[in-house]
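Please look over the sequence and the 3D structure below.

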Amino acid sequence: MTTQQLDIPALVRQFHRDGYLILRNVLPEERVARLNRAVDELLAGEPESLSYNWYNSVERHAEIAGLIDEPSLLPLMVNILGFNIQLHISHLTVRKPNPDDLKTDSQSFINWHQDGPHPQFPRLHGLTSIYYVKVGYILSDMSEPNRGNTKLIPGSHRMADFAPVQTNVDVPVNGEIQVCGQPGDAFIFPQNLWHAGAPNRSGFTRRQLFIGYSPIWMRPIDYHRASDRLLEGASPIRRQLLGDISSNCFKYYVPEESMVPLKSLWLGAGTGNDAYSNS
């Protein structure tokens, strides 16, 4: 997939309406193979487990860090969230088959929830705004349901005071979907969409890598400050995404144009995020 193949204004409108996007063939086969080799290297250094959850995964391997500014999706992310954004989270999950639902030290499934802090983000008229957005890169065969797939409730980000009647991911919720895809596919959703990580009772290992973005004035989940190793040799765009734009913290809120090179990817009016056009 290339940026030229994306109808960004239409995708932004669909995202805000449905609360998610599923995009096919975002990463080529060779790129997926490299990422899976990186995951293999990480797994080789860990004790045997049925489930692994690694945050700040961009720090763990250069191949994963390469997704920070993935060019096929970055223009879409800029036009969903605006151009004054940063890397918020990089979360790698591996969930091996666990048909007996054995308890694991690292979560092997996650019940229905919205992402966010505790207490949660403030609500206005029963709704939570979008504060950050995640791209889920599928690295294993998730073409069928019940392989530890991510579950979503489309439109739940726009339902005032909505909550599932119960949070148990095993109990079907009206309107839920399981995200299915092949290695190299990706899905995008905001923190305020209700979602869950289902148990894996199949014969397939789930591998998904989440790269999330937020406004640069928010504190990221991954780190207090990007490491020197991540910043070394970083392009201006990657440096912005790593939050390194100024020693003056006020500039996180009101950046100078030279500090936010991602503005070059902003389409402005017609994308559904016109409020950012005067930033």
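## The loop at Asp 69

Asp 69 lies in the loop between H3 and H4. Helices here are DSSP runs (H or I, at least four residues), numbered from the N terminus. This is a predicted model: local features need pLDDT of at least 70, side-chain atom pairs count only at pLDDT 80 or more, and totals for chains, interfaces and linings use all residues. Residues are numbered from 1 along each chain as its sequence is written, and side-chain values use heavy atoms, without hydrogens and water.

Asp 69 is buried, because its relative accessibility is 16% and buried means under 20% relative accessible area (1.4 Å probe, protein chains only). Its side chain makes a polar contact of 2.9 Å with the side chain of Arg 238. Such a contact is a pair of N or O atoms within 3.5 Å; within protein, one must be able to donate a hydrogen and the other to accept it, and residues adjacent in sequence count only if both atoms are side-chain atoms.

## Ser 72

Ser 72 sits in the loop between helix H3 (62–65) and helix H4 (74–81). Ser 72 counts as buried because its relative accessible area is 4%. Its side chain makes a polar contact with the side chain of Glu 70, at 2.7 Å.

## A distance along the chain

How far apart are the C-alpha atoms of Asp 69 and Asp 18? They are separated by 25 Å, and the two residues are 51 residues apart along the chain.

How values were computed. Helix = DSSP H or I, 4+ residues; strand = E, 2+ residues; numbered from the N terminus. Buried < 20%, exposed > 50% of the residue type's maximum accessible area, 1.4 Å probe, protein only.
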